[in-house]
Amino acid sequence: METFDWIATGAKIAFLVVILLQVVPIMSWVERRGSALMQNRLGPNRLGPLGLFQAIADAIKFIWKEDSIPSHVIPFYYFIAPLVSFVPSFITFAVIPFASSISIDGHVVHFQVADLNVGLLYVFSVASLGVYGIIMAGWASNSKYTMLGALRSASQMISYELSMGLSVVGIIMCFSSVKLGDIARQQGELLTHLGPFVIPSSFHIPKWGIFVQPLGFLIFLISVFAETNRLPFDLPEGESEIVAGYHLEYGSMKFAMFMMAEYLNMTTASGLLATLFFGGWQLLPGMGFLLHGFQNIFNLSSMACEWTRIFFEIASFGIKVVFFMWFFVWVRWTLPRFRYDQLMDLGWKVMLPLSLANIGVTAAFAYYGWI
Amino acid sequence: MLIEKKKGILQELYLVEIIKGLWITMRNMLFSRKVTIQFPEERREYSERFRGAHYIKATNGVENCTACMLCPTVCPAECIHIEAGERPDKEKYPVKFEIDVLRCCFCGMCEEACPKDAIKLSNIYEMSTTYREVYDKSFLLDQRGGK
């Protein structure tokens, strides 16, 4: 790699890391304020504007708290478990494109840390690594509740990873690629026909994943909730049943790492949902008009035009991700937790057959050239 | 008794129901009145009969109490300790009047028993302190609440 590529990659990684690390405190604030408002309370509103500095106070507390280690744990695994669940949640974002490309001095820079040719497969493999952290934590903590949490988490992951993987197969069929960059780029095209029906040209909609694969989207959305251990599928934590599940024996910064892993998983899941089904960095309706207006009013040079385009694309991707992050919180405070057998029923008897049927139907459509 | 609910296909799918539920939470978040009382600035209005911190009522700077021992007798928590004495202007008065607030259950029976309208429960409920306060006579003679 040339020096330019090194610098570009470094800059992209730095940008993503900085943004993603900000997500955790902000989300913890959003979750607390959001839940409070939904329950007709006010939530933490004392520290700073709207209580935003509450996150800083939390961080200070986490850092200065005594790092106590229960005597009954298995030390090595107990210590690496938070890391094992934290790191995968971070590195999944490497393949998610957050804007299209720009050419600087003849170098084309893609706004994606690594455009791997295995794209989606990388996401799934890394995402399923996260469960090892949970199982390690549950096992190494050497307590019955953590063990139960870990077992639940493992079975839940296996059940829902299947339907999650299968629901994306339809998308891969539609866009003939597993590279997330390609998938995002192709969603900018127009959808000319909906299955066998041709859409009249004045009603063309963008070829976003949700219009091509509505059922796939639904299955993916539900599976993603299970994968990130969020309500209504938060059985691994289940406060009212098994205290706090797998992270029961953890305190201070080690607990904070589990929490960060959860929120980063949510971010990655939101990023995936946006990329696969909502056009990734493709501009939202109306934003293209805004962008052109902006470029014309300020009479920007071609380079500045390109950068404003990139900015709008990042903003568009950001809005989609933020919506899904909010959706995670929203659903959490709306739906009650599933019972364990209901969870398994839903996973194996509903999600799996539906995702298989989705693949079959998509294959038939592809065979007749309707996609 | 098991009640069989009739469910249509839409209810079985749950999707519409979930969207309805999401609307309910959103409606609560955006439009409903928040019930939080922001404590130091806003306070809950309690009834006049609220039983809070104790005080001994004084008339013209002299305590009403005559150390008749009715309140320590009636007190179910046995938290009132009185030692009676004599002084020129008053035949019988409490030399020592202490309330063990940790034992007190704020039942208000002392207030009911008192024939001289001396021991009163004010409606002050913020009783946490940063030092250990003994509810002795000088403390109790502070006319709090002024009922």
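Predicted model: local features only at pLDDT ≥ 70, side-chain atom pairs only at ≥ 80, totals over all residues.
Local features need pLDDT of at least 70 and side-chain atom pairs count only at pLDDT 80 or more, while totals for chains, interfaces and linings use all residues. Residues are numbered from 1 along each chain as its sequence is written, and chains are lettered from A in the order in which they are written.

**Exercise 1. Describe the fold and extent of chain B.**

Step 1. Take the elements, where helices (H or I, at least four residues) and strands (E, at least two) are DSSP runs numbered from the N terminus. Chain B has five helices and six strands. Their order from the N terminus is α-α-β-β-β-α-β-β-α-β-α.

Step 2. Compare the radius of gyration, taken over C-alpha atoms, with the globule rule, 2.2 Å times the number of residues to the power 0.38. Chain B has a radius of gyration of 27 Å, well over the 15 Å that the rule gives for 147 residues, so chain B is more spread out than a compact globule. The C-alpha trace of chain B spans about 90 × 40 × 25 Å along its principal axes.

Step 3. Apply the burial classes: a residue is buried if 20 or more other C-beta atoms, placed from the backbone, lie within 10 Å of its own, exposed if 12 or fewer, and partly exposed in between. In chain B, 16% of the 147 residues count as buried.

**Exercise 2. How do strands E4 and E5 of chain B pair?**

Step 1. Two strands pair if DSSP finds at least two bridges between them. E4(B), residues 80–87, and E5(B), residues 90–99, pair in the antiparallel sense over seven bridges.

Step 2. A hairpin of two residues joins E4(B) to E5(B). One bridge sets Glu83(B) against Lys96(B) in E5(B).

**Exercise 3. Is His204(A) buried or partly exposed?**

Step 1. Locate the residue: His204(A) lies in the loop between strand E5 (197–198) and strand E6 (205–206) of chain A.

Step 2. Count neighbours. His204(A) is partly exposed because it has 13 C-beta neighbours inside 10 Å.

Step 3. List contacts, meaning C-beta atoms, placed from the backbone, within 7 Å. Leaving aside neighbours within four places in sequence, His204(A) touches Leu190(A), Leu191(A), Thr192(A) and Ile199(A).

How values were computed:
Contact = placed C-beta atoms within 7 Å.
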